[in-house]
Amino acid sequence: MTRFAVWRALAIIGFLACIAALSPGNLRAIDAAAQQAATVNSAGAPDIPKPKDAPGDYVIGPDDLLSVVFWREQQLSADVVVRPDGKISLPLLDDVQAAGLTPRQLRDRLLTEARRYISEPVATVVVRQVNSRKVYITGLVARPGQYPLTPSMTVLQLIATAGGLQDFAKAREIRIVRNEDGKPVNLRFDYDEMMKRPEKTAQNIALKPGDTIIVP
């Protein structure tokens with residue numbers, strides 16, 4: 001027998017041995033072992049939390065200018081100003097409440113409304129101009145009028161921005177008029193007491209959009 005014939009015979013014997021080893025019973029055992037290993041790896045792997053979309057902090061208010069864009073739906077897209085009643089008007093969708101919502105919340109509401117007319121709508125809401133964050137001060141201050149509400153602005157800061165109190169102002173009788181749930185609420189501010197005891201920070205009320213400070 002030639003050397004080539006010997007190698008060929010050995011190769012055939014090895015192949016037949018592999019076939020015999022991979023019998024149905026052995027295949028089932030190998031498959032079970034693989035499944036068990038996968039289960040162990042899955043159980044031992046740490047759970048990775050899925051990222052959550054954080055809602056935007058800004059709350060839309062009256063007079064804000066919004067840009068509403070529906071992808072591939074120009075008839076629904078528009079730049080709109082929030083009306084004094086807190087609503088916006090869009091083609092097909094008519095009036096939609098916007099004030100009191102974040103841009104993300106308004107987008108979700110618009111998507112719900114748009115599904116009545118189109119399938120799988122995609123929309124974005126962008127605040128192009130902030131006009132709703134205003135406060136007002138009237139009475140015996142140097143410069144009464146309307147002022148933009150800066151973050152964390154307090155009554156004392158607004159009085160300072162308005163140039164301070166006039167000579168005959170009743171500093172102990174200043175009032176903050178605020179609209180809460182559609183009803184006016186009066187808050188008292190004692191300027192003299194605040195000057196004497198500045199540590200009483202609770203009295204230095206943080207202002208909200210639309211607040212009016214009255215200095216008698």
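pLDDT is the predictor's confidence in each residue, from 0 to 100. This is a predicted model, and the protein averages a pLDDT of 80. Of its residues, 74% score at least 70. The secondary structure comes to five helices and ten strands. Helices (H or I, at least four residues) and strands (E, at least two) are DSSP runs, numbered from the N terminus.

**Ground rules**

- Residues are numbered from 1 along each chain as its sequence is written.

**Confidence**

- Confidence is highest in strand β10 (residues 212-215), at a mean of 96.
- Confidence is lowest in helix α2 (residues 24-44), at a mean of 48.
- Over residues 37-56, pLDDT stays under 50. For this stretch the model has five contacts (heavy atoms within 4.5 Å) beyond four places in sequence.
- Where pLDDT is low, the predicted coordinates should not be read in detail.

**Whole-chain figures**

- The protein has 216 residues, and 27% of them count as buried. Buried means under 20% relative accessible area, exposed over 50%, and partly exposed in between (1.4 Å probe, protein chains only).
- Among contacts with a separation of 6 or more, 49% link residues 24 or more positions apart.

**Three-stranded sheet**

- An open sheet runs in the order β2-β1-β5, with antiparallel pairing. Two strands pair if DSSP finds at least two bridges between them.
- β2 and β5 stand at the edges with a single partner strand each, so one side of each has no neighbour in the sheet.
- From one strand to the next, the twist averages 25°.
- Strand β1 (residues 65-70) is joined to strand β2 (residues 78-81) by four bridges. Six bridges pair β1 with strand β5 (residues 123-129).
- Leu65 has a bridge partner on each side: Val81 in β2 and Gln129 in β5.
- Val69 stands opposite Thr124 in β5.
- Helix α3 (residues 103-114) lies across β1 and β5, at about 135° to β5. Axes are lines fitted to C-alpha atoms, for helices over the stretch in contact, and angles run from 0 to 180 degrees between N-to-C directions.

**Five-stranded sheet**

- A second open sheet has the order β7-β6-β10-β8-β9, with mixed pairing.
- Its edges are β7 (145-148) and β9 (183-189); each has a single partner strand, so one side of each is left without a neighbour in the sheet.
- Here the twist averages 25° from one strand to the next.
- Strand β6 (residues 134-139) pairs with β10 in the parallel sense, over four bridges. Gly139 has Val215 in β10 as its bridge partner.

**Ile137 in β6**

- Ile137 is found in strand β6. Ile137 counts as buried because its relative accessibility is 3%.
- Leaving aside neighbours within four places in sequence, Ile137 is in contact with residues including Tyr147, Leu158, Ile159, Ala162, Ile213 and Val215.
- Arg143, Pro144 and Gly145 are also among the contacts of Ile137.
- Val155 is 18 residues from Ile137 along the chain, and their C-alpha atoms are separated by 9.6 Å.

Conventions:
This is a predicted model: local features need pLDDT of at least 70, side-chain atom pairs count only at pLDDT 80 or more; totals for chains, interfaces and linings use all residues. Side-chain values use heavy atoms; hydrogens and water are left out.
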